[in-house]
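Q: Could you walk me through this one slowly, please? I'd like to start with how the helices cross.

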Number of protein chains: 2
Amino acid sequence: MQYYTDTTKSIDLKEVNQLIETAFADHGRGFVQMPPKMYITLPEGDFRTMPAYLPSLSLAGVKIVNVHPGNPARGLPTVMALTIILDIATGAPVAILNATKLTDMRTGAAGAVAAKYLSPKKEIILGLIGTGRQAEAQYRAISQELDVSGIKCWSRNSLHAEKFALAVTEHDARSVPLEKACDCDILVTTTPSRLPVVRSEWVKEGTHINAIGADAPGKQELDPLLLKRGQVFVDDLPQAVHSGEINVPISRGIFTPGEIAGTLGEVVIGMKKRKKADQITIFDSTGLAIQDLAIAAIAMRNGQTIDLPFP
Amino acid sequence: MQYYTDTTKSIDLKEVNQLIETAFADHGRGFVQMPPKMYITLPEGDFRTMPAYLPSLSLAGVKIVNVHPGNPARGLPTVMALTIILDIATGAPVAILNATKLTDMRTGAAGAVAAKYLSPKKEIILGLIGTGRQAEAQYRAISQELDVSGIKCWSRNSLHAEKFALAVTEHDARSVPLEKACDCDILVTTTPSRLPVVRSEWVKEGTHINAIGADAPGKQELDPLLLKRGQVFVDDLPQAVHSGEINVPISRGIFTPGEIAGTLGEVVIGMKKRKKADQITIFDSTGLAIQDLAIAAIAMRNGQTIDLPFP
């Protein structure tokens, strides 16, 4: 059994997008085993347990990931993750990966796959609501698939947005007011908000939205009117209903699971698609265990390892 | 983060029983978080993912355990397990334990707690149906709680039973025919059977049965008439209905969840008990994630460790 430490070393983001796309295609075809992630509530946060089996890539395993908003004050990341990979022939654990940064990357890659298939434009202005680690991961992954002609970013703390914009060297990036950031081609929301941040009237037809931040019951970032105006695609139906962007509108009776346009997997395999160019599409991302397996396969080719005796 | 290798070194079985009893008491009081274990089917076996939080012992984590019956032919154990322990304050993974032998021990300890509370006798003849690793774990754990005056064991392969009997040095142990092994005070079944092995007419009133082997849908070891004659206690209601000794009789309509007498946790805290001495009691064990957390706490005091960089 190997422990993989430096798992993001020399990872090719384009390859990550491709393997994540394969995982979504398998999900769309019903080829994977993936029960909805399980939540355990701890005193100051929670942790989620995510097992899956992805036969086409011969990968099985479990990701364990926490969310503790108070951690930065202790010098620790809010989100930390381990992925355990099992040998599919014998069930033996063969690898344990530090999956903290991989979690950022695989979520970014899902956003890139959604943008590639659902954006009506190939040259885009990217709007970022929230400018933390996940905003960067989304930007880096999406720019592998589409031609980013400019970035407009906003954060509740404008210093964070300005720092983010300065750090982007490959593209023209600017910190702008919230409403201006929503005037874009692809809008990516990555905040931990429990109240809608993005108002429907700020978003023009033809925009594609990656709604990434809502990943637990009670969280939401979008005006529910946006869900009504656009087509909503989810990564996984039970997870999205439980904890995705749509969870609050569904629990309030404003939106119903029957209004979901389809899954990203169904989009990738061509079963579902954007209806017309001048319409809003929304990708509601909760994060799938099969994404963690797919990126683990790449990380295991690059990481530094420590040999662990087992069994 | 530490990896614990030699986790069973100098573990005190009596202390394991005590901590497992505490975990069951907390379960009986509703103090724990423990979703039912999740099963993923692999080509030649399966693996189960078991997260839990046991606040009274400040323990949170996940066990991952496989069952691959063909493994011994490859020189690997059928069952292998890892337990990951998280810091409850920050959610950070702090320990990874080789939990293969710990899994045997914590299952044995649950059997010992059940026997301690449900056996009407304190000096007992122990009957063992199946003589593998778990039979030994049950015997060693039970003998911490009750006075074992003799052991009668049976295995489908009589050579295995004879070898087991010879290896027991502290007590009088004999390999006997199946029916004779059932004539005892505490009967422990640890086979992977999918058809009943123990017939009702072979078991006398007053016997306590630990039904350990059935841990997946389709498995069963006991004549369903035994469930009807006796009081059935389970470790956890949803898990037992899904995959315990009662799963096949329930799916066939022979037994209903309403006939369950209670949980072992309820027995430990005095809410439920054996009705009368001359009656059969059955403990249906599926194995709980809180047992894995409890024994991890002991193992982490004794094991050899390898330091792993994280995050």
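A: A crossing is called left-handed if the near helix is turned anticlockwise from the far one by less than a right angle, and right-handed if clockwise. Helices (H or I, at least four residues) and strands (E, at least two) are DSSP runs, numbered from the N terminus. This is a predicted model, in which local features need pLDDT of at least 70 and side-chain atom pairs count only at pLDDT 80 or more, while totals for chains, interfaces and linings use all residues. Residues are numbered from 1 along each chain as its sequence is written, and chains are lettered from A in the order in which they are written.

Q: OK, so what is the handedness of the crossing of H2(B) and H10(B)?

A: The crossing of H2(B) and H10(B) is right-handed. Helix H2 (residues 100-118) and helix H10 (residues 289-302) of chain B pack at an angle of about 115°, with their axes 9 Å apart; axes are lines fitted to C-alpha atoms, for helices over the stretch in contact, and angles run from 0 to 180 degrees between N-to-C directions.

Q: And which residues in H2(B) meet H10(B) there?

A: Leu102(B), Met105(B), Arg106(B) and Ala110(B) do, and among their partners in H10(B) are Ile295(B) and Ala299(B); two residues are in contact if their C-beta atoms, placed from the backbone, lie within 7 Å.

Q: Switching topic: how many residues of chain A are in contact with chain B?

A: 42 residues of chain A are in contact with 42 residues of chain B. The largest share of the chain A side, five residues, comes from S3(A).

Q: Why do you say the copies meet through the same surface?

A: Because 100% of the interface residues of chain A are also interface residues in chain B.

Q: Last one: which residues of H4(A) are buried?

A: In helix H4 (residues 158-167) of chain A, the buried residues are Ala161(A), Phe164(A) and Ala165(A); buried means that 20 or more other C-beta atoms, placed from the backbone, lie within 10 Å of a residue's own, exposed 12 or fewer, and partly exposed in between. The face of H4(A) turned away from its buried side carries the exposed Leu159(A), Leu166(A) and Ala167(A).
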